[in-house]
Amino acid sequence: MEREHLDTLMEFLNMPVGGTEEVFAKFENLPGAIARGEGLERFVYIPGSRENRVLLVAHADTYDDLHYCEEEPDSGNLVIGGGKISREKGILGADDRAGCAMIWILKDMGHSLLIVSGEEHGQVGSHWLMEENLDIADEINQTHQFLVELDRANATDFKCYDVGTEAFREYVSKETSYTEPDRLSCTDIKTLCRDVCGVNLSVGYQNEHYEDEILVLDDWEHTLQLCQRWLSNKELPRFPLVGE
């Protein structure tokens, strides 16, 4: 793993898991950032600059935020060993700080970025964006080829849930060599994808929401490098969400 990548990952994992302020503050300082809302109804959107752009999505809140929103959680230090990161006490918060860190590294590729809150509370932030911020909702769905969320457990999974056509699933499988175990559960793309397809990719965490949560470094780095390679392609086709 590149040292710079590890440093960025550690920076995000060291941010307090019981709140979202530090994550949002970092992304809100990017040029062109559009920041709206507060609490669970909050997002920051940074429009991309390239012609064939996709939207990269992650969520700032963690499962600890769900339980400790009234007080700061008592979390221990990060521990690196055996090719993984864990925490001495409390959850690691790699769901989804691992995704946020990955998007930060990918931020200069010309694609759009979206960090939302409230995913662990039932996609509250994404629902608020789509219902009360129609200008951003329209831009997301009308000016992007597809959405990529970085918020999936394990090493080589992808999930489109009900926001992927069969053609898009075949495309993702070919580009990533990842497999879709099922179409169950949900995350922000299920709310955000109105007119365009979306996929959620593994970012290497395991046992999320529990104190034995870990992040496998090679798995995280593999998805990062995959995204760097895949999303650097000059031609990225648009996949409308139709007939599904």
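Q: Let's start with two residues: are phenylalanine 43 and tryptophan 128 buried or exposed?
A: Phenylalanine 43 is buried, and tryptophan 128 is too. "Buried" means under 20% relative accessible area, "exposed" means over 50%, and "partly exposed" is in between, using a 1.4 Å probe and protein chains only. Before we go on, this is a predicted model, with residues numbered from 1 along each chain as its sequence is written. Local features need pLDDT of at least 70, side-chain atom pairs count only at pLDDT 80 or more, totals for chains, interfaces and linings use all residues, and side-chain values use heavy atoms, with hydrogens and water left out.

Q: How many aromatic pairs are there in the whole structure?
A: Here's the idea: rings of Phe, Tyr and Trp (its six-membered ring) pair if their centres lie within 6.5 Å; planes under 30 degrees apart count as stacked, over 60 as edge-to-face and the rest as tilted. A search of the whole structure turns up 12 such pairs. Take phenylalanine 12 and tryptophan 104: their ring centres are 6.5 Å apart and their planes meet at 55°, so this pair is tilted.

Q: Where do phenylalanine 12 and tryptophan 104 lie?
A: Helices (H or I, at least four residues) and strands (E, at least two) are DSSP runs, numbered from the N terminus. Phenylalanine 12 is in helix H1 (residues 3-13) and tryptophan 104 is in helix H4 (residues 94-106), so the pair ties together parts that are 92 residues apart in sequence. Phenylalanine 12 counts as buried because its relative accessibility is 0%. Tryptophan 104 counts as buried as well, at 14%.

Q: And what kind of pair do phenylalanine 43 and tryptophan 128 form?
A: They make a tilted aromatic pair, with 5.8 Å from centre to centre and 50° between the planes. This pair also links distant parts of the chain: phenylalanine 43 sits in strand S2 (residues 41-46), tryptophan 128 sits in helix H5 (residues 124-132), and they are 85 residues apart. Elsewhere, ring pairs join Phe146, Phe168, Tyr171, Trp230 and Phe239 into a cluster.

Q: Which residue lies over the face of tryptophan 104?
A: A charge sits over a ring if NZ of Lys or CZ of Arg is within 6 Å of the ring centre and within 35 degrees of the ring normal. Here lysine 26 lies over the face of tryptophan 104, at 4.3 Å from the ring centre.

Q: Now strands. How many residues of strand S6 are buried?
A: In strand S6 (residues 112-116), 5 of its 5 residues are buried. In a regular strand the side chains alternate between the two faces of the sheet. In S6, Ser112, Leu114 and Val116 are on one side, Leu113 and Ile115 are on the other, and all are buried, leaving both faces covered.

Q: In which sense do S2 and S6 pair?
A: Two strands pair if DSSP finds at least two bridges between them. S2 and S6 have 4 bridges, in the antiparallel sense. Strand S3 (residues 55-59) runs parallel to S6, and 5 bridges join them. There, leucine 56 stands opposite leucine 113 in S6.

Q: What is the order of the strands in the open sheet?
A: Follow the 4 strands as S4-S5-S11-S10, with antiparallel pairing. Strand S4 (78-81) and strand S10 (205-206) are the edges, since each pairs on one side only. S4 meets strand S5 (residues 84-87) over 4 antiparallel bridges, and glycine 81 has lysine 84 in S5 as its bridge partner.

Q: Which residues of helix H6 are buried?
A: In helix H6 (residues 134-142), they are Ile136, Ala137, Ile140 and Asn141. These four cover an arc of only 125° around the axis (judged by the directions from the helix axis to the C-beta atoms), which puts them on the same side of H6.

Q: Last one: what does the side chain of asparagine 200 reach?
A: A polar contact is a pair of N or O atoms within 3.5 Å; within protein, one must be able to donate a hydrogen and the other to accept it, and residues adjacent in sequence count only if both atoms are side-chain atoms. The side chain of asparagine 200 reaches the backbone nitrogen of aspartate 151 at 2.9 Å. Asparagine 200 is found in strand S9 (residues 198-202) and is buried, with a relative accessible area of 1%.
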